[in-house]
Amino acid sequence: MILTDYEARKYQDELASCREKMTDILIEMELRRDRDSDEEFLRWWEEEGNLKKYYALKGECERIEEKLMNAQIEQTDHPRMLP
């Protein structure tokens, strides 16, 4: 697969965003594990769909990483914007 450097940067930004969302879920998980009862935590983690969200984000990160790893990135000239 051939990507322009612009497309590669877009994928890298998307990857960073996915990783940030995963980190937010993990931080919230640790906070809830410390303050909530086991029942409340499991309700938040499983019933509210945070487990599913986390693994969906993880799958998306892996898909993007694979795409970037296998891509051939071409440098492109970007036109300058005039004032």
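User: What should I know about the numbering and the model before reading the values?

Analyst: Residues are numbered from 1 along each chain as its sequence is written, and side-chain values use heavy atoms, with hydrogens and water left out. The model is predicted: local features need pLDDT of at least 70, side-chain atom pairs count only at pLDDT 80 or more, and totals for chains, interfaces and linings use all residues.

User: Why is the pair D5 and R9 called a salt bridge?

Analyst: A salt bridge is a side-chain nitrogen of Lys or Arg within 4 Å of a carboxyl oxygen of Asp or Glu. The closest N and O atoms of D5 and R9 are 3.6 Å apart, so the pair meets the cut-off. The structure holds 10 salt bridges.

User: How are D5 and R9 placed in helix 1?

Analyst: Helix 1 covers residues 5-35; helices (H or I, at least four residues) and strands (E, at least two) are DSSP runs, numbered from the N terminus. D5 and R9 are separated by about one helical turn because they are four residues apart in helix 1.

User: What makes D5 buried or exposed?

Analyst: Buried means under 20% relative accessible area, exposed over 50%, and partly exposed in between (1.4 Å probe, protein chains only). D5 has 12% and therefore counts as buried. R9, at 40%, is partly exposed.

User: What are the accessibility classes of R35 and D36?

Analyst: R35 counts as exposed at 54%, whereas D36 is buried at 16%. The two side chains meet in a salt bridge of 3.4 Å, N to O. Salt bridges that share partners join E28, R32, R35 and D36 into one network.

User: Why is helix 1 called roughly antiparallel to helix 2?

Analyst: Axes are lines fitted to C-alpha atoms, for helices over the stretch in contact, and angles run from 0 to 180 degrees between N-to-C directions. Angles under 35 degrees count as roughly parallel, over 145 as roughly antiparallel, 65 to 115 as roughly perpendicular and the rest as oblique. Helix 1 and helix 2 (residues 38-47) pack at about 160°, with their axes 9 Å apart. That makes the two helices roughly antiparallel.

User: Which residues make the contact of helix 1 with helix 2?

Analyst: I25, E28, M29, R32 and R33 of helix 1 make the contact with F41, W44 and W45 of helix 2, where contact means heavy atoms within 4.5 Å.

User: What makes helix 2 oblique to helix 3?

Analyst: Helix 2 and helix 3 pack at an angle of about 45°, with their axes 4 Å apart. That angle makes helix 2 oblique to helix 3. W44, W45 and E46 in helix 2 meet N50, L51 and Y54 in helix 3.

User: How do you know that C61 is buried?

Analyst: C61 is in helix 3 and has a relative accessible area of 4%, so C61 is buried. Leaving aside neighbours within four places in sequence, C61 is in contact with L15, C18, R19 and M22.
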